[in-house]
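Please read it with the sequence and the structure at hand.

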Amino acid sequence: MNATARRRLERRDEIIQAFWRVARANPRRAINVRAVAAEAEMSPANVLHYFATLNELQMTAIAGAMNQFAEQRQAILDRPVSATERVFAMIEAGVPDQISDELRQVYESVALLGEYPEYRPVHRALTERQIMLYRALIEIGAGTGEFTLASPAGMIARNLVALEDAYDLYPLAGDPTPREECRAAVRSYAELALGVRWPGADATH
């Protein structure tokens, strides 16, 4: 990579980081190019030189965030602990106490997919990777006899991801259900589907 190409990538990354700083500072406000440009200490025209539209910038930033989410899940899968512990750790990560600005942007960006269909594969890839990671873990647990599956591994994995998405959307829609209650609901399904007990159950009784 030559110096010009490297500098272009650096500038794009600076703008993306500025986008996230603005998003975190104004979680309930629409983000605009002027605010991102001010945060990046450049002109709005310079921002638009690297990203043709604000939506393109948003979708590029979100694609990077989704890749980080997937890497965090992979790290859980790679832990040297039981499959049961890892499944419930995945649920803990998938239904966090606070919906991060990055996760909120991911969900809100769904509305842009009609205008930017080229980003649909990015969204779909995150979902499929989450399902794949759950499925791999479920198959490991079933193979060692740790899990007794009530349904095919792929179906259980897809249901777990769907439940996480649903419970993460609830607070964005104003639902006041406590987050631990949401996690407990997902854990309850996992217990039934996998034939296991949540390791933290004893501590809550």
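## A salt bridge and its network

R187 and E180 are joined by a salt bridge in which the closest N and O atoms are 2.3 Å apart, a salt bridge being a side-chain nitrogen of Lys or Arg within 4 Å of a carboxyl oxygen of Asp or Glu. Salt bridges that share partners connect this pair to others, so that E92, D97, E180, R183 and R187 belong to one network. R187 is buried, with a relative accessible area of 5%, whereas E180, at 35% relative accessibility, is partly exposed; here buried means under 20% relative accessible area, exposed means over 50%, and partly exposed covers what lies in between, with a 1.4 Å probe and protein chains only.

The model is a predicted one, in which local features need pLDDT of at least 70 and side-chain atom pairs count only at pLDDT 80 or more, while totals for chains, interfaces and linings use all residues. Residues are numbered from 1 along each chain as its sequence is written, and side-chain values use heavy atoms, with hydrogens and water left out.

## Salt bridges within helices

By the rule given above, the count of salt bridges comes to 13. Side chains of opposite charge can pair when their charged atoms come close. Two further examples each lie inside one helix, where helices (H or I, at least four residues) and strands (E, at least two) are DSSP runs numbered from the N terminus. E10 and R7 are three residues apart in helix 1 (residues 3-25), about one turn of the helix, and E128 and R124 are four residues apart in helix 7 (residues 120-143), again about one helical turn. An α-helix has 3.6 residues a turn, so residues three or four places apart point the same way.

| Salt bridge | N to O distance |
|---|---|
| R187 and E180 | 2.3 Å |
| E10 and R7 | 3.4 Å |
| E128 and R124 | 2.6 Å |

## Aromatic pairs

A search of the whole structure finds two aromatic pairs. The rings of F19 and W20 have their centres 5.2 Å apart and their planes at 80°, so this pair is edge-to-face; rings of Phe, Tyr and Trp (its six-membered ring) pair if their centres lie within 6.5 Å, and planes under 30 degrees apart count as stacked, over 60 as edge-to-face and the rest as tilted. Both F19 and W20 are buried.

Y167 and Y170 form an edge-to-face pair as well, with 5.2 Å from centre to centre and 70° between the planes. These two tyrosines are three residues apart in helix 8 (residues 153-172), which separates them by about one helical turn. Y167 counts as buried at 18% relative accessibility, while Y170, at 37%, counts as partly exposed.

## An enclosed helix and a loop residue

Helix 6 (residues 101-108) is largely enclosed by the rest of the structure, because seven of its eight residues are buried. The buried residues are D101, E102, L103, R104, Q105, V106 and Y107, and they pack against helix 1, helix 4 (54-77), helix 7 and helix 8.

S151 lies in the loop between helix 7 and helix 8 and is partly exposed at 25% relative accessibility. The C-alpha atoms of S151 and D168, which are 17 residues apart along the chain, are separated by 24 Å.

## The protein as a whole

The protein contains nine helices and zero strands, and its C-alpha atoms fill a box of roughly 60 × 40 × 30 Å, taken along the principal axes. Of its 205 residues, 41% are buried. Among contacts (heavy atoms within 4.5 Å) between residues at least 6 apart in sequence, 69% join residues at least 24 apart. The accessible surface comes to about 10900 Å², of which 53% belongs to carbon and sulfur atoms, the areas coming from the Shrake-Rupley method with a 1.4 Å probe and, for residues, with only the protein chains shown counted as cover.
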